[in-house]
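Please consider the model shown below.

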Amino acid sequence: MGARAPQRLPELGRDPNREYRLGIMGGTFDPIHYGHLVTAEQAREALDLDLVLFMPAGSPAFKDDSFVTSAEDRYAMTVLATAANADFIASRFEIDRAGTTYTVDTLRALRAHYPDNVHLYFVTGADAIHDIVSWHDAKHIATLATLIAATRPGYDINQSCQRVEESGIAFDVRYIEIPALAISSTNIRDRVAHGKSVRYLTSESVIGYIRKNGLYRDPVSRSQAEPGE
Ligand code: ATP
Ligand code: MG
């Protein structure tokens, strides 16, 4: 079998007389769940995004010493979960890049790829928005994309946003309130490891994939999976 051709980014920005809005939903997606999907869908609607790229992190920056499910499995589940939505695209962009995944590098590469009439929107939950000021080259992230900060149960969005404000970094942040889904990948992994049901926490297709491939059966200790900085 020959080497696989790199996946192409979706075409966007062709008409110079209009503005395009590209959403980027980053995460470890170990596994992807309805919290991610609802967040992306409501962000798409609220900010009138043309497309949302779901980008599983390749080699998460914070997780060099912990076990994370293979990028191919996480990507496959992302494909399955997003397949029915024409505005969602599962992207291999980060998993095909060697080494540590930094959001700033991804945004820089997307910025270089697309013409100026394509605006980038980075979608984050309240926990990620809290952390973003300490991510690698956060200052540069602020110049590359607008942040969409979504509410998430268990995390105080006001506190997160205050932290961003106090950082002095000029982030352009849009807040959105989304239906509260207290779902996390950590909880899904724990439930699978303990033989509990994960129905209605993520799509049937993802649950089928988890079962078929025997993912998360082993309750080994894993560190919290956070998206690459
Ligand atoms: P883990 O428990 O492994 O950390 P997770 O459920 O937090 O997984 P991630 O892949 O870490 O999922 O998160 C990716 C992005 O999705 C982050 O910006 C996070 O804030 C957001 N997110 C995840 N779950 C939810 C949810 N239930 N509601 C709103 N946003 C969410
Ligand atoms: Mg997380």
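The paragraphs below begin with conventions and then turn to the helix and the rings.

This is a predicted model, in which local features need pLDDT of at least 70 and side-chain atom pairs count only at pLDDT 80 or more, while totals for chains, interfaces and linings use all residues. Residues are numbered from 1 along each chain as its sequence is written, and side-chain values use heavy atoms, with hydrogens and water left out.

Helices (H or I, at least four residues) and strands (E, at least two) are DSSP runs numbered from the N terminus. In helix H8, residues 204-212, the buried residues are Val-206, Ile-207, Tyr-209 and Ile-210; buried means under 20% relative accessible area, exposed over 50%, and partly exposed in between (1.4 Å probe, protein chains only). They lie on the same side of H8 because they cover an arc of only 160° around the axis, taken from the directions from the helix axis to the C-beta atoms. Arg-211 and Lys-212, on the other side of H8, are exposed. The buried residues of H8 pack against helix H2 (71-82) and helix H7 (185-193), where contact means heavy atoms within 4.5 Å.

The structure holds three aromatic pairs. Rings of Phe, Tyr and Trp (its six-membered ring) pair if their centres lie within 6.5 Å; planes under 30 degrees apart count as stacked, over 60 as edge-to-face and the rest as tilted. Phe-29 and Phe-54 form a tilted pair, because their ring centres are 6.0 Å apart and their planes are at 40°. Phe-29 is buried, at a relative accessible area of 1%, and Phe-54 is buried at 0%.

Methods: Chains lettered and ligands numbered in written order.
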